[in-house]
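Visitor: I would like to learn how to read a protein model. Please take one feature at a time, with the general idea before the case.

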Amino acid sequence: MNRTLTIRPGAATIPSIGVSAGAAKVNQGAVSLGISFVGCTLLTAAFLVRNPQVVHWFVIPTLFCGILIGSDAVDWLRGRIDLFDAAGIVGVLGVHFFLVAPLLHVSWDHWLSNERPYVDPPPDWRDWLGYMAVLNAAGLVVYRYVRDRVAVRVRQSRLSYWRLNAKRLFLAGAVGLTVSAVVQYLLYAHFGGVTGYIDAFTDDVKTMDASDAFDRDNAFAGLGWLIMVTDCFPILAIICFAVWTRRARLRLGSFTIALVLLGFFMVKMLFGGLHGSRSNTLYALFWAVGIIHLWVRPLAKKFVLVGIGFVFAFMYLYGFYKSMGSDFVVAFQEGASAAELGESTGRTFEGLVLGDLARADQQAFIVYRLSLANLDYKLALGRTYIGTIAQLVPRALWPDRPPNKRKEGTELQYGVGSYDPKGWASARVFGIAGEAMLNFGPLAVPLAYLVFGVVVGGVRGFLTGLREGDTRLLLMPFLITLCFWLLVGDSDTFLFVLIKDGLPPALLVWIGSNCLSSAGARMGEHSE
């Protein structure tokens, strides 16, 4: 039987997960797979018809990857899984990551070798997209198998319950918000106000090549921990707002929610949004939307789809700010077009779609370089992950701590000796599969997706195992964003986001909860 678990009256409904599903569920899964097959095949056929360059064997394994991950996207679109189901969201993003992006690379002839710092390209990029697609196909089979089984185990093991203690949560929230606001005020005062803060960022941008952001002395050096404190203000605020709204039993309409999220976005720009990180702002906005959906009231899918348009517009325009600082406003005022700014800064629409939201050419290039007989690069054998963990120790305490994946990534692309720990290093991001290959070679890709399946399955099972009113629901959207971070990012970024963005809100929720064992969980879920 396909049961559902309701978080609260009128809130999101989350389907339970089972491996030994009934015939009806199996049939519905087959329907989604069939729809994915038809949709992905038609999409690929359209590329084949419009661009002869796409006619190549790489299309076959790429299409297989799209069909496999696309079945989760179809489940999400059909409403078979919740709006904030980790597997569904990864499925939607995965169709672009595994299928659309490789096809667009070939159609647009947009490659890693077209961007600074330049790399020596392979003779035919399509061959290496195909080899990478074969590895991805094997990885996705492992991912789906592991994900579903881990989800069941985690869901069945969730026996505890975190009951809201509103008094403690509001008190801790007030303290956290006050500290964050005071630190942000002092930071702005240090730079002479908001405009001085923006000017300092603009000056740093002018002296920094877009591909060279490593170990430079800039205006924000040494302020990382303070920035972490200020960045948490908007999330702490939306958590307190959601808890207050639920306790007051307020019914918020779509227009009111849109205004709340707009206000959240503006606050986020003031608290962390002006120091050049698009993802920092967008993932916080995703978290806020998830809190509303899981804790206050369910959101319609069309509400989210409309928001995606805003996300793309923000990512595109904010890219100019990231490359030019406040000078991009002056450029627009002087009549420069977005296309002209894109050409001069490298912040093109193609770069956004293929460089920020996918890693197809990055990973294909790694496979190509590792295949060269005369390559002097030696596999890292886990050194990048050790470097990531070493980041937890301040450089002042461990001056010669092991480098992160920048060293291995730089030397694979440009040769051994090209990495300069006190100067230049490549800042490119390779994704979970790319970093695995830097360490252990191409055959490690399925193992990387095994880890990915454990994480996505764990998050999915954790969500479905939570009962009505469990305060950990307030943290679930963040865990879902970590799944996407893991797919497209590297281990150092993943750890940084986990601590910087996750620790303060998790501390607030923990303080504002009474953690009950299985004996008290049933009684606790009906009282706040």
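Guide: Start with helices and strands: helices (H or I, at least four residues) and strands (E, at least two) are DSSP runs, numbered from the N terminus. Thr62, for example, is found in helix H2 (residues 59-78). This is a predicted model, in which local features need pLDDT of at least 70, side-chain atom pairs count only at pLDDT 80 or more, and totals for chains, interfaces and linings use all residues. Residues are numbered from 1 along each chain as its sequence is written, and side-chain values use heavy atoms, with hydrogens and water left out.

Visitor: How many helices and strands are in the protein?

Guide: The protein has 22 helices and 4 strands.

Visitor: Is Thr62 buried or exposed?

Guide: Buried means under 20% relative accessible area, exposed means over 50%, and partly exposed is in between (1.4 Å probe, protein chains only). Thr62 has a relative accessible area of 1%, so Thr62 is buried. Across the protein, buried residues make up 53% of the 528 residues.

Visitor: Which residues is Thr62 in contact with, leaving aside its neighbours within four places in sequence?

Guide: Contact means heavy atoms within 4.5 Å. With neighbours within four places in sequence left aside, Thr62 is in contact with Phe98, Leu99, Pro102 and Ala133. For the protein, take contacts between residues at least 6 apart in sequence: 78% of them join residues at least 24 apart.

Visitor: What is a nonpolar core?

Guide: In soluble globular proteins, nonpolar side chains tend to be buried together. A nonpolar core is a set of buried Ala, Val, Leu, Ile, Met, Phe, Trp, Tyr and Cys residues joined through side-chain atoms within 4.5 Å. The largest one here has 114 residues, and Phe98, Tyr143, Ile239, Tyr449, Phe452, Met476 and Leu487 are those with the most contacts inside it. Helix H3 (residues 86-108) gives the largest share of this core, 12 residues. Another core, of 17 residues, lies apart from it, and includes Ala200, Ile227, Phe265 and Tyr318.

Visitor: How do I check the length of a helix?

Guide: The expected span of a helix is 1.5 Å times one less than its number of residues. Helix H20 (residues 476-488) has 13 residues and should span 18 Å; its end C-alpha atoms are 19 Å apart, which agrees.

Visitor: How many residues of H20 are buried, and what covers them?

Guide: H20 is mostly covered, with 12 of its 13 residues buried. The cover includes H3, helix H10 (278-296), helix H18 (431-440), H19 and helix H21 (491-511). H19 is mostly covered too, with 15 of its 21 residues buried.

Visitor: How do I describe two aromatic rings?

Guide: A pair of aromatic rings is described by the distance of the centres and the angle of the planes. Rings of Phe, Tyr and Trp (its six-membered ring) pair if their centres lie within 6.5 Å; planes under 30 degrees apart count as stacked, over 60 as edge-to-face and the rest as tilted. The structure holds 16 aromatic pairs. In one of them, Trp125 and Phe365 are tilted, 6.0 Å centre to centre with 35° between the planes. This pair links distant parts of the chain, since Trp125 is in helix H4 (residues 125-157) and Phe365 in helix H15 (residues 360-371), 240 residues apart. Trp125 counts as buried because its relative accessibility is 7%.

Visitor: What kind of pair do Trp128 and Tyr131 form?

Guide: Trp128 and Tyr131 form an edge-to-face pair, 4.9 Å centre to centre with 65° between the planes. They are 3 residues apart in helix H4, so about one helical turn separates them. Tyr131 counts as partly exposed because its relative accessibility is 38%.

Visitor: Where is Arg249, and what is its phi?

Guide: Most residues other than glycine have a negative phi, and most peptide bonds are trans. Arg249 has a positive phi, near 55°, and is a residue other than glycine. Arg249 lies in the loop between helix H8 (233-247) and helix H9 (254-270). With 70% relative accessibility, Arg249 counts as exposed.
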